[in-house]
Amino acid sequence: MLGYVLILLATICFGAQNLITRVLFTPSNLFGVLETGGFVEPTLPNSFLLMFMRMAVGVPLMAVLLPPVYPPMWSDLRRLGSADYRRELYLALVGGVLMFSYLALLYVSVGRIAAGIALTLFFTFPVYTAVLDWYWFGHRPSTGRWAILALILLGSALTIPMTGAAIASWVGIVFGLASGVVYAFYTVVAQKAFETFHPVPFTGMSFAVTLVLSAASLLLWPGDLVGLLWPALWVGGLLSAIATLTGHVLNNLGIRSVGATAASMLGAANPALTAVLAWGMLQEQLSVVQGLGVLLVTVSVGLLSLTKPS
């Protein structure tokens, strides 16, 4: 029972980090009593800024918290400098580039459209992952998996606004879908890397590369940094980093207790849980059709974790 509670708490943390990003980008009515947020516009340069602030806090925290979880972390990272570990080094660097890319796209999506819809569009990534896994590794999806993947696409289509708001939010929709595509590449690269490289140092490298790339992007494309409320942005970066790290720690502890399959099923509740949290905390409303779309994607991703490729 404790393992399931840990996974659920991890999912709440992952949802919370997206809501923090939403508040930083969009004026919000917090719990219906406090008007706050909208500190920066939801653009790519500002996405780089928030990512840099989050990673500037998160990477040092990871350097402190991850070694107790995996003691050989630093020795594994030092091995990347040797010629025998070039493959692992290249895969870790590519993973970092992909993490930077999907987070940048997802941040803009969360800032442009409702958080629950953005996460639902992002969670179409199993569809693209299945295609890439089939193409590169020969793991052909079974008929049942194809049916579930089709339901994921159907559910994501139901969440797209069909009124005048669709025109205003098309950037968020496209970026949400694109973040799922890039994340699918990230999962495939990670799967290949994990054959010879432990997930903990791989994740640490991904976060470090993301920090460097977000800093470089700010230098090349700084955007308008005049008049920003820096204390609020740094508080948001700190809270987001804490939510991310707490979520990963709780998720790993939960996997140890209940196994990866059960953890994946509970983790699939992320879009629905994010929508519920956004409704309770930010008063974001979804239509009945959009709510059904979020639910369909959530259930389908959960079912997908129970099936295997043919």
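**Burial, helix crossing and strand pairing in a predicted model**

Visitor: What makes threonine 210 count as buried?

Guide: Threonine 210 has a relative accessibility of 0% and therefore counts as buried; the term means under 20% relative accessible area, with exposed over 50% and partly exposed in between (1.4 Å probe, protein chains only). This is a predicted model, in which local features need pLDDT of at least 70, side-chain atom pairs count only at pLDDT 80 or more, and totals for chains, interfaces and linings use all residues. Residues are numbered from 1 along each chain as its sequence is written, and side-chain values use heavy atoms, with hydrogens and water left out.

Visitor: Where is threonine 210 placed, and which residues does threonine 210 touch?

Guide: Threonine 210 is in helix H10 (residues 199–220); helices are DSSP runs of H or I with at least four residues, strands are runs of E with at least two, and both are numbered from the N terminus. Not counting residues up to four places away in sequence, threonine 210 touches Met51, Met55, Gly96, Met99, Phe100 and Leu103, where contact means heavy atoms within 4.5 Å.

Visitor: Why is lysine 192 called partly exposed?

Guide: The relative accessibility of lysine 192 is 31%, so this residue counts as partly exposed. Lysine 192 belongs to helix H9 (residues 170–193). Apart from neighbours within four places in sequence, lysine 192 is in contact with Arg87, Leu91 and Phe137. Lysine 192 and leucine 91 are 101 residues apart in sequence and 8.0 Å apart in space, C-alpha to C-alpha.

Visitor: Is serine 156 buried or exposed?

Guide: Serine 156 has a relative accessible area of 5% and is therefore buried. This residue lies in helix H7 (residues 143–159). Leaving aside neighbours within four places in sequence, serine 156 is in contact with Thr120, Leu121, Thr124 and Val297.

Visitor: Why are H5 and H14 called oblique to each other?

Guide: The axes of helix H5 (residues 115–122) and helix H14 (residues 288–304) come within 10 Å and cross at roughly 40°. Angles under 35 degrees count as roughly parallel, over 145 as roughly antiparallel, 65 to 115 as roughly perpendicular and the rest as oblique; H5 and H14 are therefore oblique. The crossing of H5 past H14 is left-handed.

Visitor: Which residues make the contact between H5 and H14?

Guide: Gly116, Ile117 and Thr120 of H5 meet Gln290, Gly293, Val294 and Val297 of H14. By class, this contact has three nonpolar, four polar and no charged residues.

Visitor: How do you know that strand S1 and strand S2 are joined?

Guide: Two strands pair if DSSP finds at least two bridges between them, and four bridges join S1 (residues 27–30) to S2 (residues 34–37), which run antiparallel. Asparagine 29 stands opposite glutamate 35 in S2, and the bridge partner of leucine 30 is leucine 34. In this hairpin, which has three residues between the strands, phenylalanine 31 takes a positive phi near 55°.

Visitor: How many helices and strands does the protein chain have?

Guide: The protein chain has 14 helices and two strands. Buried residues make up 50% of its 310 residues.

Notes: Axes are lines fitted to C-alpha atoms, for helices over the stretch in contact, and angles run from 0 to 180 degrees between N-to-C directions. A crossing is left-handed if the near helix is turned anticlockwise from the far one by less than a right angle, and right-handed if clockwise. Ala, Val, Leu, Ile, Met, Phe, Trp, Tyr, Cys and Pro count as nonpolar, Asp, Glu, Lys and Arg as charged, and the others, Gly among them, as polar.
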